[in-house]
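Have the sequence and coordinates open as you read.

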There are 2 protein chains.
Amino acid sequence: MEFKLVLKEKANYIEQLLNKYMPTEEGYQKTIMEAMNYSLSAGGKRLRPILTLEACKIVGGNENDAIPFAVAIEMIHTYSLIHDDLPALDNDDLRRGRKTNHIVYGEDMAILAGDALLNYAFEIMLSNSLGKENPEKYLKAINEIAKSSGIYGMIGGQVVDVQSENQQIPKEKLDYIHNNKTAAIMIGCMRAGAIIGNANEEELDKITKYANNIGLSFQIVDDILDIVGDESKLGKKVGSDIENNKSTYPSLLGLEKSKEIARTLINEAKENINELSEHVDFLNGLADYIIDREY
Amino acid sequence: MEFKLVLKEKANYIEQLLNKYMPTEEGYQKTIMEAMNYSLSAGGKRLRPILTLEACKIVGGNENDAIPFAVAIEMIHTYSLIHDDLPALDNDDLRRGRKTNHIVYGEDMAILAGDALLNYAFEIMLSNSLGKENPEKYLKAINEIAKSSGIYGMIGGQVVDVQSENQQIPKEKLDYIHNNKTAAIMIGCMRAGAIIGNANEEELDKITKYANNIGLSFQIVDDILDIVGDESKLGKKVGSDIENNKSTYPSLLGLEKSKEIARTLINEAKENINELSEHVDFLNGLADYIIDREY
């Protein structure tokens, strides 16, 4: 089957899981559940939860055990988008062709819905980890998610990104943003899945390298597509980085060098993952997909 | 020693613990740590963390084991205040005589600092629970905190409170707000501490009743003080509930009936806690303090 179809099938499966784990819209506080579920069901590639289940499976685990972690990571990703879209941050009215959360529910509810999704992610991971064999393993997996989404991960990256708007920054700082804003969560969600699948240290190490490389490469390709991408295929405006005087891989290193770095990262990612297991067709496909998305 | 002095001493101890667990202000993302620490060190009675340690101790546990949970609960409380103060919510410029977070760091950083504190609370609880005996116990304790601070606890209460502004609501709905906005976290922080102290189900039950009753009573007394309180002693404006046409215990049931209910709740709280242990002087004192704060 063509890789894009496999990806779509996996995304559909994640949609089903999200529907199952979403809070029921009832009680006095019903509005907050509606606001949470509105953004949770707004679509997207669902890459992070797919990676969680895949990491669990390739180390020989039962991917069903990792489901609460996959769902939780998508809730964390979704909360970060809701808060990112707020007027005080990116001030976006639209995301994936739909009105953003604060446009529909108001800024107050959007702030609280984001908070609620972050909190609910931990509620789901914790409540589904009680009474299991090897509880230490579950603590470790939740810890990976928590680390990767906080000030030493995703939030750290967001903060520096916000502070670097409309100014040129050195490559080291740009790497900090890319690594933390995107790659950290990729690492966290894959490590969590792998830990639930009883991965050993060597396996975790290879998975971490894969996740880090596809995460960083994903951001570099985003930078490249903002210059050479086709708006109709991407479904979003291109050229905004240059317009905003934003430092990017192409602006700092040139287009060809950026493509070369992205390709090298993807090759390394695939090497690492292929050393780990024979059942990595999907992860190989995903690595290629990330770099071949458009150009 | 006078109860107020004991309380102050315990609050000072919590300050020390917070200082120890606060993130170090370094790295590209330094601003977010500064914003987190600014609000964390803004003072307050530190009731919630004090209750966590006390609950651990009265069931025979070592209160040091509960420290990460005490610190985490204060971080969660602090994040909720930062987000509550935002222009889209209560739009407050001052809290405890200091400028609110968004006035100092901007709305964008205040939103992210709140997110970061909620996330960091889980990071602290999780990372400090790894490698301990009986990991299941730690999962249970973190789960209590998570439940009590989400949409079936604190956030639920906040949402309904926000939606009930400038309108009369029935007592049932007011109880929902009081129970969830305040009592839920009291319950969560005490249950977490007690679980770490190896409490059995009966002990947990009594502690839950104590926490619930002092939490609800605390809110009723707040309602009462907004009518009869002395601004200079309270350190805040009174009369705002009537001004805002807010439903409160006194507005729905009258002043005397409200005082009676608060007193009954406190008496029940004390009965429950006295059945549990002989070493509950502090918790008895706290219960009385809550109701005798002012009038």
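In chain A, residues 252–286 carry the UniProt annotation "coiled-coil region", which comes from an unreviewed entry; such annotations may be inferred rather than shown by experiment, and their positions follow the numbering used here. The end C-alpha atoms of that span lie 27 Å apart, and the span is 80% helix and 0% strand. Helices (H or I, at least four residues) and strands (E, at least two) are DSSP runs, numbered from the N terminus.

This is a predicted model, in which local features need pLDDT of at least 70, side-chain atom pairs count only at pLDDT 80 or more, and totals for chains, interfaces and linings use all residues. Residues are numbered from 1 along each chain as its sequence is written, chains are lettered from A and ligands numbered from 1 in the order written, and side-chain values use heavy atoms, without hydrogens and water.

Now to the charged pairs. Over all chains there are 36 salt bridges, each a side-chain nitrogen of Lys or Arg within 4 Å of a carboxyl oxygen of Asp or Glu. The table lists some of them.

| Pair | Closest N and O atoms |
|---|---|
| A:E63 and A:K57 | 3.8 Å |
| B:K246 and B:D161 | 3.7 Å |
| B:K257 and B:E260 | 3.9 Å |

B:K246 lies in the loop between α11 (240–243) and α12 (249–253) of chain B and B:D161 in helix α7 (residues 154–163), so this pair ties together parts 85 residues apart in sequence. B:K257 and B:E260 are three residues apart in helix α13 (residues 255–274) of chain B, which puts about one helical turn between them. In chain A, a network of salt bridges links A:K10, A:E54, A:K57 and A:E63.
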